[in-house]
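Please keep the sequence and the 3D view at hand while reading.

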Amino acid sequence: LNGQDFIAASEGEVTFEYREKGSEAAASSAAAPSSSALRTLVMLHDVGRSPASLSRLADYLKTVAPGLRVVVPDLFSQRDTVSMHLEAQRQRLCQALVEKAPAWGLGGGFALLGVGQGGLLARMLVQRGCAGAPEVRTLVSLLAPQQGVVRPPADRTTWSGPQGVARLLEGELGDPYDAKAQQRVAYAGYWHDPAQPDRHRAASTLLAPLNGESANASAATAAGAARLRALEAFVLVGSSRDEYIVPWQSSFFGFYADGEVGTPDANVVLLRDSRGYQEDRLGLRTLDERGALPVLDCRCLHYDFEILPDPVKVFINGSLLRHLTARW
């Protein structure tokens, strides 16, 4: 159930030899494109986090890819990421991309990377469009719940405040499919209970329509699929050690089969076996068949891209970096 059946043999294999004392840049400089050939990379942070959570990753990417411009927009407070519906977050992000395009150097297209909930927001931006903004050429989903989650974050202490996810989902609001929860808690928008498939498709205001699973989503789904197919690459990064995304295969568009109860031994339907893939509902099959849907298992913990232990640096250099340094 690790998704390896549809990862190309060359993907996920470490080919970079990590060396300390500043040798990262030297090791990658020969392969890195010149600064004029690099697209700006815009990165979106996770739920409950701030732009500062991605500062180490941004600095490291600029070190191993000299000339790469990295922008981490400061658009949402930590409370906003928890309590603001993701569609409202998408609209704010779209406005910023339109207004800041010249300042951020987005002309001609850019790469968009989202971590966790930010990865789902990034896909929403592409799929639903952003009138007046430069095109996203490369989309990177990093440990993101693309098929939703079936439980709140494991670390409940992170969410102990008045707007905490655990409190809102299990205390004040209780039922994540309740209309109030769907509007007031971002996490509820991508809640996915495999034991209630019909209710999920009817009550989900975000995930079911976004994934073409609600009854009235056909026209919007077709338009969104066309936008995803137009990407140069849609890079899916997940982790078989992710302790927050449940099931972790959600980062690869896999999920528990309908009727399962979400236990560790429950049956998970992988991307290529899913009905959405086989029907090319989101354009993922088209991307996959042309080699534009790399699927990478980073084998790290959920917040390791904030901490950047050495194995994550190795993964970045050996597997991820080439997707972030596409030439004009």
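## The disulfide

C94 and C130 form a disulfide, with their sulfur atoms 2.0 Å apart; the term applies to a pair of cysteine sulfur atoms within 2.5 Å. The structure holds 1 disulfide. The torsion about the S-S bond of C94 and C130 is about 100°, so the disulfide is right-handed. Because C94 belongs to helix α4 (residues 86-104) and C130 to the loop between α5 and β4 (136-142), the pair ties together parts that are 36 residues apart in sequence. Helices (H or I, at least four residues) and strands (E, at least two) are DSSP runs, numbered from the N terminus.

The model is predicted: local features need pLDDT of at least 70, side-chain atom pairs count only at pLDDT 80 or more, and totals for chains, interfaces and linings use all residues. Residues are numbered from 1 along each chain as its sequence is written, and side-chain values use heavy atoms, leaving out hydrogens and water.

## Two helix contacts

Two packed helices are described by the angle between their axes and the distance between the axes. Axes are lines fitted to C-alpha atoms, for helices over the stretch in contact, and angles run from 0 to 180 degrees between N-to-C directions. The axes of α5 (residues 117-128) and α11 (residues 218-229) come within 7 Å and cross at roughly 105°. The two helices α5 and α11 are therefore roughly perpendicular, a label for angles of 65 to 115 degrees. In contact (heavy atoms within 4.5 Å), R123, V126, Q127 and R128 of α5 meet A223, G224, R227 and L228 of α11. This contact has 3 nonpolar, 2 polar and 3 charged residues. Ala, Val, Leu, Ile, Met, Phe, Trp, Tyr, Cys and Pro count as nonpolar, Asp, Glu, Lys and Arg as charged, and the others, Gly among them, as polar.

For α2 (residues 55-64) and α15 (residues 310-324), the axes come within 11 Å and cross at roughly 75°. That angle makes α2 roughly perpendicular to α15. Here L57, Y60, L61 and V64 in α2 meet K313, I316, N317, L321 and L324 in α15. By class, the contact of α2 with α15 has 7 nonpolar, 1 polar and 1 charged residues.

## The largest pocket

A pocket is an open set of points on a 1 Å grid over the protein atoms alone, where a 1.4 Å probe fits, with protein on both sides within 12 Å along at least five of seven lines; lining residues have an atom within 4 Å of a point. The largest pocket holds about 500 Å³ of space. Its lining has 24 residues, of which Q147, E213, R275, G276 and R281 lie nearest the centre.

## Backbone details

The peptide bond from V246 to P247 is cis, with omega near -5°.

How values were computed:
Grid points are joined across faces, edges and corners, and a volume is the space filled by probe spheres set on the points. Angles under 35 degrees count as roughly parallel, over 145 as roughly antiparallel, 65 to 115 as roughly perpendicular and the rest as oblique.
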